[in-house]
Amino acid sequence: MSIASDNPDIIERFGPHLAYSSDARLATGVEPDKLVDTHCCFCGQQCGIRLKVKDNEVIGFEPREDFPFNHGMLCPKGVKRYLQGSHPDRLLSAYQRDPREGFRAIPYPEALDRVASEITRIQSSFGNDAFAVLTGASLTNEKAYLMGKFARVCLKTANIDYNGRLCMVSAAAGNKKAFGIDRAANPWADILRAEVVWISGANVAECAPITTNYVWQAREHGAKIIVVDPRITPIARTCDLFLPIKPGRDIALFNGILHLMIENDWLDHGFIDEHTVGFEAAAEHVKDWTPRRTAEVTGIAERGIRQAAEWWGQAKTSFLLHARGIEHHTHGVQNVLGAINMVLASGRIGREYCGYATITGQGNGQGGREHGQKCDQLPGARDVSNPEHRAYVAKVWGVDPNDIPQAGVDAYEIFRKIDRGEIRGLLSICFNPKVSLPDNSFITRALEKLEFFVVIDFFLSETAHHADVVLPGSLQEEDEGTVTQIEGRVIKINKAVEPPGDAREDWRIIQDIAKQLGREHGLTFNSPREIFNELREASRGGIADYSGITYEKIERQYGVCWPCRGEDDPGTLRLFEAGSWNPIAKGAGPFYFPDGKARFNAAAYTAPAEDVDDEYPVILTTGRVVSQYLSGTQTRRIGPLVDQYPEPRIEMHPRLAEKLDIKDGDWATAESRRGSVTLRAMVVTTIRPDTVFIPYHWAGRRSVNQLTISAQDPISKIPEYKVCAVKLRRSNG
Ligand SMILES: Nc1nc2c(c(=O)[nH]1)N[C@H]1C(S)=C(S)[C@@H](COP(=O)(O)OP(=O)(O)OC[C@H]3O[C@@H](n4cnc5c(=O)[nH]c(N)nc54)[C@H](O)[C@@H]3O)O[C@H]1N2
Ligand SMILES: Nc1nc2c(c(=O)[nH]1)N[C@H]1C(S)=C(S)[C@@H](COP(=O)(O)OP(=O)(O)OC[C@H]3O[C@@H](n4cnc5c(=O)[nH]c(N)nc54)[C@H](O)[C@@H]3O)O[C@H]1N2
Ligand code: SF4
Ligand SMILES: [Mo]
């Protein structure tokens, strides 16, 4: 495939979201010293990209057409990422904050000394768990593994958790409950010939732009595309059926569809009997979810619900995709289970063009949730409370199983513990909670209560403003390692440049801290490759088994999908194929339970934690725009991306705007029980009139997380970013 810039057809088809022009490449006319094949540093699709390097600086890129997932295509963020490394804000030394004078650069060894002495002081006065660790899923697998080991073996704290808690955990918990394993069931190629593609709560064209290409290719082959979203997102504009759901009501829709599948006998009885348990209870549960009741609760016309059920029910092949739109809820896990019930009842899984997946978020959203940086997890997706799992990992680590702490608390609970004085010290790497966590004035208050706070980042994030010490970590292109992309494919990030100044690779910094503490046992790796080789051992026999993956095999095959259990194993492209083997079922069936069968789960409907009322009558939902990434620390520093969407706006329907006497471009204030934000209004017909949308990539007074609610799903602990109640008024800015 030729690159987007040279092909008007692709520009026409993908629009400005996907196409880039060759002018976008740095027109320096400078010949690079070298070209480095690697991947984008941003979202979970991990597009292949070729970086141009001159004098230890990334000066531009070329499309990398050989990588099969994106064939050279990139979205605007991938195109502009190279502007980060040479940004004047790049941290080049360690910093210490003086309460009166602010930050001053200090020598790296001095910073390390301060970090180690504060950790020792806090842990000896208040116990090991009084020092917590927050990490992130933009880290490579090697770093994620190292962070889990550092927390348990070096710091001996139970309290480590990661930013995927805000992202992937509802899907993970739902997949584990239904399938016993947490990974996209199918490669994206299975989208291409699906007869129906069902997309729930995923803004595909803006947040997983390359996936648009797969969906549209399916459509060209005659697929029906169904999109469920409170907003007519760019992908919804080209779909066959759009279901404008009221935020927080997705289980009702999934239950309503299952009800119609049963009523019309659009079921695969053979599959249900042979490969699943729990169908009767699920069927009983959806009895009351008649099309009328489903329509009342979801706000979707009965006709649309019937049409969707008919297409889904009668299809021979299909692919269901979802993302945070159904997962960021206090019933996020139930939503995921409702979606999976629909898939299981159809029997369309584990075969070519019959698939299901959640769209992962961060660059290493998949691998970041497998190797032990979650509060209840050990490497290989092992369970920290399972004695056999503990014994296995303890052996690899050369420690006594009793010395591995039990499960700690989730990322939000870490802040509640800080607030209560139970946690006194914190190390945060690759996480910007001051912007990204809900009800963030509470987070700011908690950060201020810490006795000692150290951040490892390459920019001074808003969270880092509260740190006592900031250590200069590495950008993605300054280190090597692996990440696991959206399809469960483990791929290789290659080093393009050395970290500048006093900055160094994150894994070195962590090991330096361990050494300074005099507790470097098991943290003396000389390279990411050495860390990866230990990760392979630690994951061997686990569900997320990487033991057969090597850097060489990754390069040879353009990635290796886990599980990969031996040197001769090419990896597992598609899960749940008939006759496939796994260590839990041991041949009894393709799913990861002792009987080899998948589980239906009755998915109970509950209203959002904070529903609208007379005082706060409008639903607020939050999410993303194509040109910005997460808390914005990186993308708010890239001029051309800022130009594309310079400030957050409050998206609202003309009917709501008229009622409030607000015009497009007017200042408007949205207020919840927790805070308020004043932004310009964007009046659009593409959103439900009872809902407003605000993207969350901005900080301070423009942060929508001043408004959001900290209520969490009881199982996954994901926050309810997608629904809270607000009131709106016109304001003077
Ligand atoms: N441009 C860009 N791309 C990104 C990122 C980014 O920050 N910027 N971040 C990456 C990460 S970490 C993630 S997690 C993914 C997120 O990718 P997505 O989940 O696709 O993005 P969101 O904008 O969070 O939400 C998706 C959609 O859910 C809809 N929605 C809101 N409430 C509901 C509801 O109750 N039900 C349903 N069905 N839909 C609802 C919103 O209108 C929105 O269109 O994107 C990744 N890619
Ligand atoms: N209202 C609302 N809030 C949300 C969401 C929403 O939809 N609505 N979405 C949630 C979701 S899905 C997510 S994933 C979270 C993300 O929230 P965060 O994880 O807080 O966001 P990031 O911007 O990724 O913050 C990562 C920080 O780590 C740094 N960093 C990145 N890579 C590296 C690295 O390799 N090494 C080091 N040392 N530092 C690194 C960056 O500079 C940045 O400062 O936000 C959540 N918050
Ligand atoms: S942000 Fe995602 S879609 Fe865009 S270039 Fe990077 S990996 Fe590809
Ligand atoms: Mo995410």
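The model is predicted: local features need pLDDT of at least 70, side-chain atom pairs count only at pLDDT 80 or more, and totals for chains, interfaces and linings use all residues. Residues are numbered from 1 along each chain as its sequence is written, chains are lettered from A and ligands numbered from 1 in the order in which they are written, and side-chain values use heavy atoms, with hydrogens and water left out. The largest pocket holds about 820 Å³ of space, and the structure has three cavities of 30 Å³ or more.

**Terms for the spaces**

- On a 1 Å grid over the protein atoms alone, a cavity is a set of points where a 1.4 Å probe fits but cannot get out; a pocket is an open set with protein on both sides within 12 Å along at least five of seven lines; lining residues have an atom within 4 Å of a point.
- Grid points are joined across faces, edges and corners, and a volume is the space filled by probe spheres set on the points.

**Largest pocket**

- Of the 36 lining residues, Lys-176, Ala-381, Arg-382, Asp-383 and Ile-543 are the closest to the centre of the largest pocket.
- The lining consists of 14 nonpolar residues, nine polar and 13 charged (Ala, Val, Leu, Ile, Met, Phe, Trp, Tyr, Cys and Pro count as nonpolar, Asp, Glu, Lys and Arg as charged, and the others, Gly among them, as polar).
- Helix H5 (169-179), strand E15 (382-383) and helix H15 (387-397) each supply at least two lining residues, and H5 has the largest share, five residues (helices, H or I with at least four residues, and strands, E with at least two, are DSSP runs numbered from the N terminus).
- The largest pocket lies between domain 2 (94-167 + 364-486 + 503-527) and domain 4 (618-730), because both give residues to its lining; the domain bounds come from an automatic or database domain assignment.

**Cavities**

- The largest cavity contains about 750 Å³ of space.
- Its lining has 48 residues, with Ser-138, Asn-163, Cys-430, Leu-630 and Gln-634 nearest the centre.
- Strand E17 (452-457), E19 and strand E23 (618-623) are the elements that give two or more residues to the lining of the largest cavity.
- By class, that lining has 17 nonpolar, 23 polar and eight charged residues.
- The second largest cavity contains about 550 Å³; of its 43 lining residues, Gly-201, Asn-203, Cys-207, Arg-324 and Arg-624 are the closest to its centre.

**Helix H14**

- In H14, 15 of 15 residues are buried (buried means under 20% relative accessible area, exposed over 50%, partly exposed in between, with a 1.4 Å probe and protein chains only).

**Sheet E19-E20-E21**

- Three strands form an open sheet in the order E19-E20-E21, with antiparallel pairing (two strands pair if DSSP finds at least two bridges between them).
- Strand E19 (481-484) and strand E21 (560-561) are at the edges with a single partner strand each, so one side of each has no neighbour in the sheet.
- Four bridges join E19 to strand E20 (residues 489-493), and Thr-482 stands opposite Lys-492.
- The E19-E20 hairpin has four residues between its strands, and Gly-488 in the turn has a positive phi of about 80 degrees.
- Gly-481 and Val-483 on one side of E19, and Thr-482 and Thr-484 on the other, are all buried.

**Asn-533**

- Asn-533 belongs to helix H20 (residues 528-539) and is partly exposed, with a relative accessible area of 36%.
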